[in-house]
Amino acid sequence: MIRHIVVWKFRAGEEENMKKFLSGLQSLDGVIPEIKSMQIGVNCKEGNNFDACLIADFEDFDALERYKKDPRHVAVSQLCKSIRESRGAVDFEL
């Protein structure tokens, strides 16, 4: 099992688009079959480095790559790329 963790910092003034992106990302759970589980969180502590995160589990790295290339994920990611300031990711085996 692979755990995929992504964190984002969004540009100032993009709060509504951030909500739209995160809602779109959440809508992929149960739709893209490679997603075994998914959690999305928004930072609630002032002063932290990132605004939101994704924690998702996949059967293996091949499943993660299929998810990343799925047109539904690509479409949601385009919005994120247009509003984010920075991104970080970690993948590890469970």
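Buried means under 20% relative accessible area, exposed over 50%, and partly exposed in between, as computed with a 1.4 Å probe on protein chains only. The structure described here is a predicted model, in which local features need pLDDT of at least 70 and side-chain atom pairs count only at pLDDT 80 or more, while totals for chains, interfaces and linings use all residues. Residues are numbered from 1 along each chain as its sequence is written, and side-chain values use heavy atoms, with hydrogens and water left out.

## Cysteines

At 3% relative accessibility, cysteine 80 counts as buried. Its sulfur is 12 Å from the closest cysteine sulfur, in cysteine 53, which is too far for a bond. A disulfide is taken as a pair of cysteine sulfur atoms within 2.5 Å, and by this rule the count comes to 0 disulfides. Cysteine 44 is likewise in no disulfide, the nearest cysteine sulfur, that of cysteine 53, being 10 Å away. Cysteine 44 is exposed, with a relative accessible area of 81%.

Helices (H or I, at least four residues) and strands (E, at least two) are DSSP runs, numbered from the N terminus. Helix H1 covers residues 15-26, and its 12 residues reach 16 Å from the first C-alpha to the last. This is close to the 16 Å expected at 1.5 Å a residue, where the expected span is 1.5 Å times one less than the number of residues.

The buried residues of H1 are Met18, Phe21, Leu22, Gly24 and Leu25. They cover an arc of only 160° around the axis, which puts them on the same side of H1; the arc is that of the directions from the helix axis to the C-beta atoms. The face of H1 turned away from this buried side carries the exposed residues Glu16, Lys19 and Lys20. Contact is defined as heavy atoms within 4.5 Å. The cover over the buried residues of H1 includes strand E1 (2-10), strand E2 (37-42), strand E3 (52-58), helix H2 (61-69) and helix H3 (71-83).

In H2, the residues Ala63, Leu64 and Tyr67 are buried. Seen down the axis of H2, its buried residues fall within an arc of 100°, so they line one face of the helix. Asp62 and Lys69 are exposed on the other side of H2. E1, H1, E2, E3, H3 and E4 are included in what covers the buried residues of H2.

The side chains of E1 alternate along the strand.

Two strands pair if DSSP finds at least two bridges between them. E1 pairs with E3 in the antiparallel sense over 7 bridges, and isoleucine 5 stands opposite isoleucine 55 in E3. E1 is also joined by 9 bridges to strand E4 (residues 84-93), the two running antiparallel. In this pairing, lysine 9 stands opposite serine 86 in E4.

## Salt bridges

Side chains of opposite charge can pair when their charged atoms come close. A salt bridge is a side-chain nitrogen of Lys or Arg within 4 Å of a carboxyl oxygen of Asp or Glu, and by this rule the count comes to 6 salt bridges. The table lists some of them.

| Lysine 19 | Glutamate 16 | 3.7 Å |

Lysine 19 and glutamate 16 both lie in helix H1, 3 residues apart, about one turn of the helix. Glutamate 16 is exposed, with a relative accessible area of 58%.

Glutamate 34 is buried at 15% relative accessibility, while arginine 66 counts as partly exposed at 45%. Leaving aside its neighbours within four places in sequence, glutamate 34 is in contact with Asp57, Phe58, Ala63, Arg66 and Tyr67.

Aspartate 70 is buried, with a relative accessible area of 10%.
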